[in-house]
Amino acid sequence: MEKVLSSHVGLKINAWYYHIQRFNVPDAEAYKEEINSLLDNMEEKQDLLLYFSLMEFRHKLMLDYLNPLENGKERANFRELAVKIKRDQEKLTGLLDYYFNFFYGMYEFENYEYLNAITFYKRAEKKLSLVSDDIERAEFHYKMAEIYYHMKQNHMSMHHIAQAIDCYKEKNTYTVRQIQCFFIIGLNYIDMECPEKASPHFINALEKATASDTKRLEGSAIYNLGLSYFHNNEISSAIKYFNESINAFKERGYDHFNRILDSLSMLVRSYFHESENDFGLYALNQGMELAEKLNDDVMHKVFTFYKALYVKEDYDKVLSDTEYLTNKGMYAILEELSKDAARRYKAVGDNITGRRVFMRRFFISKN
């Protein structure tokens, strides 16, 4: 059989990545299958095989985002593939080195390893000058905005998201990323204590998600609207949206989706905030059970924190859970938990403990 030119396969991989960036699963799967069939007959070229491995890794990240598996499972060979490309890192140069660090940073982010993720992103940034494609640069800025939001560096996050969304708006086919940009902008406004500025961005996101039938993101948009109401101290409206977001995920077949944990944790906060303790305990138990099923250690710690705070009144457990989250670099979560703890201890008349928790939160968020 005639040998397939590596340049021909390279163009196919570029087209594959084009569809991955758009979260276009059917076309991405078709290209992946076609390329797999070409590799056996391709002229030997190590760089291209490494490029294929990196793109296969990125393909799996896309699938895990859109269609998460049940019970915290990873897709077949995901971790093995991660180990493989990390082992091959020394062979990567130029643009391939950029892709490795960028994609691996995404992988670490999805595993809540935020400090590791930012390390890989920073390495990728050193190679960003090699990236000529506007959309690829927008992808980088979006992921930087995402990680900076989670690390409580809101102005840096807004700086990067502004660069990303301008590019995505010029390309009508990048609906998912446009929606996600609206999320990041709104969430940063909430952190900056401007929930009224956040709501229009979440409404925009919900309208786009509904119009494009982007089911996975409809529930997230509804949840984010709940956040804007919560932080505007409209708790009853927030509770309505958090419940609606859970129903939206479940109606679309995402019963075992880890984003439901976010909605449940906010229901716990909201119900206990309103002294609706029975409803709060019910949401708490649901959250702990789902977090265990999904093997989500971070969110499980969030729920055990709330159990220690509101049910057990176990101050040592409250502190040990915050220590764990501090070591994971979960600054966005930590700040909210610490506010709740300070409010709780103040409400029960323990002002000394309340101040200690608040000062701990203040120190964590500023350093």
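**View 1. How the chain contacts itself across its sequence.** Welcome to this predicted model. Among contacts between residues at least 6 apart in sequence, 62% join residues at least 24 apart. The chain has 18 helices and zero strands. Of its 367 residues, 54% are buried. The chain exposes about 17,100 Å², with carbon and sulfur atoms supplying 48% of that area.

**View 2. Helices H5 and H6 pack against each other.** Here we look at H5, residues 94–110, and H6, residues 114–125. Their axes lie 8 Å apart, at an angle of about 165°. Angles over 145 degrees count as roughly antiparallel, and H5 and H6 are therefore roughly antiparallel to each other. Their crossing is left-handed. On the H5 side, look for Tyr98, Phe100, Asn101, Phe102, Tyr104, Gly105, Met106, Glu108 and Phe109; they meet Tyr114, Asn116, Ala117, Phe120, Tyr121, Arg123 and Ala124 of H6. This contact brings together 11 nonpolar, three polar and two charged residues.

**View 3. Helices H12 and H13 form another packed pair.** H12 covers residues 235–251 and H13 covers residues 259–273. The two pack at an angle of about 155°, and their axes are 9 Å apart. H12 and H13 are therefore roughly antiparallel to each other. H12 passes H13 in a left-handed crossing. From H12, the contact draws on Ile235, Ile239, Phe242, Asn243, Ser245, Ile246, Phe249 and Lys250. Facing them from H13 are Arg259, Ile260, Ser263, Leu264, Met266, Leu267, Ser270, Tyr271 and His273. Sorted by type, the residues in the contact of H12 with H13 are 10 nonpolar, five polar and two charged.

Terms used:
Residues are numbered from 1 along each chain as its sequence is written. This is a predicted model: local features need pLDDT of at least 70, side-chain atom pairs count only at pLDDT 80 or more; totals for chains, interfaces and linings use all residues. Side-chain values use heavy atoms; hydrogens and water are left out. Axes are lines fitted to C-alpha atoms, for helices over the stretch in contact, and angles run from 0 to 180 degrees between N-to-C directions. Helices (H or I, at least four residues) and strands (E, at least two) are DSSP runs, numbered from the N terminus. Angles under 35 degrees count as roughly parallel, over 145 as roughly antiparallel, 65 to 115 as roughly perpendicular and the rest as oblique. A crossing is left-handed if the near helix is turned anticlockwise from the far one by less than a right angle, and right-handed if clockwise. Contact means heavy atoms within 4.5 Å. Ala, Val, Leu, Ile, Met, Phe, Trp, Tyr, Cys and Pro count as nonpolar, Asp, Glu, Lys and Arg as charged, and the others, Gly among them, as polar. Buried means under 20% relative accessible area, exposed over 50%, partly exposed in between (1.4 Å probe, protein chains only). Accessible areas come from the Shrake-Rupley method with a 1.4 Å probe; for residues, only the protein chains shown count as cover.
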